[in-house]
Amino acid sequence: FEESLAMNKEWQKKLRRGGAGSGGAEGAKKWRAAFLKEEGETHLLQNEMAAARAKFEKALRLQKSAALQNMIARTFLGERRLDKAIEIFKKTRAAGGLANNDLGYCYLLNGQAAQAEAALKEDAAFYQKTGDQKNLMRCFISKSHDFIFDGRAITRANAFNHACIHR
């Protein structure tokens, strides 16, 4: 967190100088948007979803990007507002914003196994093509979660067979 505060001060100095001499007003907008995104990610790591979303929305007003929209959707995912997260992830995915898109995971949490499987397969193909090993592994972990718990590879007690001690 202290590192983020130090970066904040450094970026504010650069903004006062017109974006460190890179493009005047447009450069300053890009710097500001990048700084707001960093602040939002810091709030996200601290599980402060509303504060993170506010930062991401401010950054989005300065610079349109699918990545920022996906970060906003992640705040809804963090609050377990899955319908709202799914809505945003679907829009960005349709516009080609597959990077940092957690649509498959949202479907999985929402109990929509078929949609989750399709989205996770699409994600895996995308991350394999781009060589993003970290996110590729995340797809496999989500897919295995779907198989193990939703596919009943791990058996559970029958609804009429309550687990208890019989005396």
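How far does the backbone oxygen of Ile72 lie from a polar atom of the side chain of Thr75? The distance is 2.5 Å.

This is a predicted model, where local features need pLDDT of at least 70, side-chain atom pairs count only at pLDDT 80 or more, and totals for chains, interfaces and linings use all residues. Residues are numbered from 1 along each chain as its sequence is written, and side-chain values use heavy atoms, with hydrogens and water left out.

**View 1. Thr75 in helix H4.** Helix H4 covers residues 66–78 (helices are DSSP runs of H or I, at least four residues, numbered from the N terminus). Thr75 counts as buried because its relative accessibility is 0% (buried means under 20% relative accessible area, with a 1.4 Å probe and protein chains only).

**View 2. Thr75 and its partners.** Beyond its neighbours within four places in sequence, Thr75 is in contact with Leu44, Met49, Ala52, Arg53 and Phe56 (contact means heavy atoms within 4.5 Å).

**View 3. Helices H3 and H4.** The axes of H3 (residues 49–62) and H4 come within 9 Å and cross at roughly 165° (axes are lines fitted to C-alpha atoms over the stretch in contact; angles run from 0 to 180 degrees between N-to-C directions). H3 is therefore roughly antiparallel to H4 (angles over 145 degrees). Among the residues making the contact are Met49 and Arg53 of H3, and Ile72 and Thr75 of H4.

Definitions and conventions. Helices (H or I, at least four residues) and strands (E, at least two) are DSSP runs, numbered from the N terminus. Buried means under 20% relative accessible area, exposed over 50%, partly exposed in between (1.4 Å probe, protein chains only). A polar contact is a pair of N or O atoms within 3.5 Å; within protein, one must be able to donate a hydrogen and the other to accept it, and residues adjacent in sequence count only if both atoms are side-chain atoms. Angles under 35 degrees count as roughly parallel, over 145 as roughly antiparallel, 65 to 115 as roughly perpendicular and the rest as oblique.
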